[in-house]
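Thanks for coming. I will go through one structure this morning, strands and then helices, and I will keep to what can be read off the model.

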Amino acid sequence: MSNPSKLTRPEAMIFDMDGTLFQTESVLLPAYHKLFDTLRSEGLYTSPTPPEERMLGSLGMLLEDIWKVVMPDGSVQAHNRANELLLQLELEGLAGGETLLYPEVKETLEALHKQGVKLYVASNGLEHYISGIVDTHELANLFDGLYSAGKQGTLSKVDLVKMLLEQEQVHSAWMVGDRSSDVEAGKKNDLGVIGCAYAGFGNHDELKGSDVRISSFSELLKLYDEAEAVSIT
């Protein structure tokens, strides 16, 4: 964990979902392979399933942009069908009860909630996918709001976080995430940025610009306790 001296204690924390709270691969990879089997059976895609790494490396992007990276040879119809299938298959996977949060996520969120920290999700994912994860893992009572590109219709994480701050009237917050889009969203909205380095989906420069990088989610508690409290007059 890098030096937290520049951080001030926030009234809220805003979390990315995939690769930050949720072990995405626990639901994504089974759905991913079923998705391409279905596309081929429906005659919408004829090539072999692209490497898993291509999909995992695209996490954090808007869904419409993900398919341009994962299957650039796919038609618009294939991309649209993939959107439908991915949500359907991921919700089925969540209902199956075998998905995972990262270690100590729920306990850490509970501890922050008890200390009065407002907790939010800001994700580029689809609305029902985000709410499905929250409901499946019984986190709903901990969050003050769930914001997603799918629900809010934003074109970037920067815009999504800006909307959250304005609508929720949040004046100080940390942005907590694992991708460069999270760092950008935090910095362009004048927030402290906590980079989560435990998922390993991105490249070495993914978290460049973070104020602090953490290797386990529970480190957030120590950061919060040690951050400088600022009096608002």
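Strand E5, residues 192-196, is joined to strand E6 by three bridges, and the two run parallel. One of the residues to look for here is cysteine 196, whose bridge partner in E6 is isoleucine 214. Please keep in mind that this is a predicted model.

Now step back to the whole sheet. In what order do the six strands lie? The order is E3-E2-E1-E4-E5-E6, in an open sheet with parallel pairing. Strand E3, residues 145-148, and strand E6, residues 212-214, are at the edges. Each of these has a single partner strand, so one side of E3 and one side of E6 have no neighbour in the sheet. From one strand to the next, the twist averages 25°.

On to the helices. Two packed helices are described by the angle between their axes and by the distance between the axes.

On the H8 side, the contact has Lys157, Val158 and Val161; on the H9 side, it has Ser181, Asp182, Glu184, Ala185 and Lys188. By class, that contact has three nonpolar residues, one polar and four charged.

Next, H5, residues 105-114, and H10, residues 219-226. Here the angle is about 25° and the axes are 9 Å apart. H5 and H10 are therefore roughly parallel to each other. Thr108, Ala111 and Leu112 of H5 make the contact with Leu220, Leu221 and Tyr224 of H10. Five of the contact residues of H5 with H10 are nonpolar, one is polar and none is charged.

The last pair is H3, residues 63-70, and H4, residues 76-95, which pack at about 115° with axes 10 Å apart. H3 passes H4 in a right-handed crossing. Leu63, Trp67 and Lys68 come from H3, while His79, Ala82, Asn83 and Leu86 come from H4. The contact of H3 with H4 divides into four nonpolar residues, two polar and one charged.

Finally, aromatic rings. How many aromatic pairs are there? The count comes to five. Among them is the pair of tyrosine 32 and phenylalanine 36, which is edge-to-face, with 5.1 Å from centre to centre and 70° between the planes. Tyrosine 32 and phenylalanine 36 are four residues apart in helix H1, residues 25-41, so about one helical turn separates them.

That is my part; over to you.

Terms used
Residues are numbered from 1 along each chain as its sequence is written. This is a predicted model: local features need pLDDT of at least 70, side-chain atom pairs count only at pLDDT 80 or more; totals for chains, interfaces and linings use all residues. Side-chain values use heavy atoms; hydrogens and water are left out. Two strands pair if DSSP finds at least two bridges between them. Axes are lines fitted to C-alpha atoms, for helices over the stretch in contact, and angles run from 0 to 180 degrees between N-to-C directions. Contact means heavy atoms within 4.5 Å. Ala, Val, Leu, Ile, Met, Phe, Trp, Tyr, Cys and Pro count as nonpolar, Asp, Glu, Lys and Arg as charged, and the others, Gly among them, as polar. Angles under 35 degrees count as roughly parallel, over 145 as roughly antiparallel, 65 to 115 as roughly perpendicular and the rest as oblique. Rings of Phe, Tyr and Trp (its six-membered ring) pair if their centres lie within 6.5 Å; planes under 30 degrees apart count as stacked, over 60 as edge-to-face and the rest as tilted. A crossing is left-handed if the near helix is turned anticlockwise from the far one by less than a right angle, and right-handed if clockwise.
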